[in-house]
Amino acid sequence: MKKSFKEKVILYYRKTIENKSWLRVPAFVVLSVVLFGHHSLAKIFGAWKKYAFTAFLLLMFLTGSSFTYPVFGERDGFISPEAEQEAIAVEESTIRLAEEEEVLPEEIELLDDADVLEGYEDAELHGVEELDKYSLEDILEGEDILEGEDISEESRLEEAAAVPESGETVSFSADDWRLILINKQHPIPEDYSFNLGTIKGSMQCDERIIGDLLQMLQAAQDDSVSLVICSPYRDLSRQEVLFNRKIEAYMRKGMSYLEAYKLSSQSVTVPGASEHQIGLAIDIISDDYSTLDAGFAETEAGKWLNEHSSEYGFILRYPQGKEYITGIEFEPWHFRYVGKEAAAIIAEQEITLEEFVDENL
Ligand SMILES: [Zn+2]
C-alpha cells in the first residue's frame, strides 16, 4: 500500500531519532514545520481558485487606494522628479487659496432674516415677509378683536396705577409662565404648552398677551407712532430654515461651518431656544422703517418702544451692551412679554431677563 507523505515523514523521523535521543527535540521541530508547510500547500493547491481571487483583490486594493501611492512612489527612497514638482505645486496652491479666502472680522456683514429668506417657497405658509406685517389698523380692520377690551386713556392710566411703585417689594414665582427664560442654555422645556391666539391672518402668539399687545399698539398710535408687528410666533421648522440658511450664506462667504454657526446663533437663536416658538416674542418695526437692524433704535417707533413697552408688559429682550449676557446681538425690534410687574423692574434697572431671573426667582 502506498504510504502518504505524512506517514513517510513520520517514519523518517522515527528512524532518525532511533539511536540519537539528543536529536529528538530539534527533529520534532523540523517535522512539525515540514508537516505544516505540506498541509498548507496542499490546501492552497486544493482550492487555488479561491486563493488566486483573494490575491487578485489584494493587488487591486493596493494599487487602487490612494494611501499606498506614497509607498509605491517612494520605493527604495526614490521619488520621481515629476511627482515632487506636483506635490510642491499642490502645496503652493493650497496656501494661496487660504490666503485669498481669509475673511477678516471687520468685513463680515451680518445677515438679516430677509437676506436669507429670498426664494423661500414656504414663506407664505410660515407667515413670513410682506403678507405678515400688520399695523393696528390692519389688525382691527373688519374685526371686533378689541370688543370687551377697554383701551381708553382712562383705563390705561388705571392699569398703570396697578403696577407697584418702585421700592415696593413684589415677589415673583419661578412657575410664572411670563417669566420663563429661554436662551441657548435654557431651551424650551419639552412639556411646555400654551394656547396660540390669532392676531390677524396667520399671525399668532400666546393668546394671553394679545390684549396687552393691542393696548400697546393703540397707545403708540395715540402718540402718533405707527407700529407694525411681524413674525411673532414661529414654529420650529421656520426657525430651522432661518438658522440653516444663515449658516449656508456665511459659508458661501468663505467661513467654516463652526464660524458660520457661531455667527448665525448671534442673530437667529438656535432652533429650540427661541422665544418666538413659545409665542411670547414679537418683532416690531414701523411703517417707515421696515428692516430688522440696529438703525431701528433711532426711529420714532424704536424710541417710543424703548420708553413705553414696559408699561404694557414688554421688554427689549436683547439690549445694546448686554450681548455678553444674552449671547444675542442688539435687537431693538425684538420684544418679549414678561408681564407689567417684571417689565417695570427690568426697564427701570436696565437689566436683561437673564439678570432678572437670576436675582428674583
Ligand atoms: Zn425676534
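In this predicted model, two strands count as paired if DSSP finds at least two bridges between them.

Q: Why are strands S5 and S7 called paired?
A: Three bridges join S5 (residues 281-286) to S7 (residues 334-337). The definition asks for at least two bridges, so S5 and S7 pair. The two strands run antiparallel, and His334 in S7 is the bridge partner of Asp283.

Q: What makes S1 and S6 edge strands?
A: The open sheet has the order S1-S4-S5-S7-S6, with antiparallel pairing. S1 (133-135) and S6 (314-316) each have a single partner strand, so one side of each lacks a neighbour in the sheet. On average, neighbouring strands here are turned by 40° against each other, direction ignored.

Q: Why is Ser224 called exposed?
A: Ser224 has 8 other C-beta atoms within 10 Å. The cut-off for exposed is 12 or fewer, so Ser224 is exposed. Ser224 is found in the loop between H9 and strand S4 (227-230).

Q: Why does Glu350 count as exposed?
A: Glu350 has 11 C-beta neighbours inside 10 Å. With exposed set at 12 or fewer, Glu350 therefore counts as exposed. Its place is the loop between helix H14 (340-349) and helix H15 (353-360).

Q: What makes the phi of Ser224 and that of Glu350 worth a remark?
A: Most residues other than glycine have a negative phi. Ser224, not a glycine, has a positive phi of about 60°. Glu350, also a residue other than glycine, has a positive phi near 50°.

Key:
Residues are numbered from 1 along each chain as its sequence is written. This is a predicted model: local features need pLDDT of at least 70, side-chain atom pairs count only at pLDDT 80 or more; totals for chains, interfaces and linings use all residues. Helices (H or I, at least four residues) and strands (E, at least two) are DSSP runs, numbered from the N terminus. Axes are lines fitted to C-alpha atoms, for helices over the stretch in contact, and angles run from 0 to 180 degrees between N-to-C directions. A residue is buried if 20 or more other C-beta atoms lie within 10 Å of its own, exposed if 12 or fewer, and partly exposed in between; C-beta atoms are placed from the backbone.
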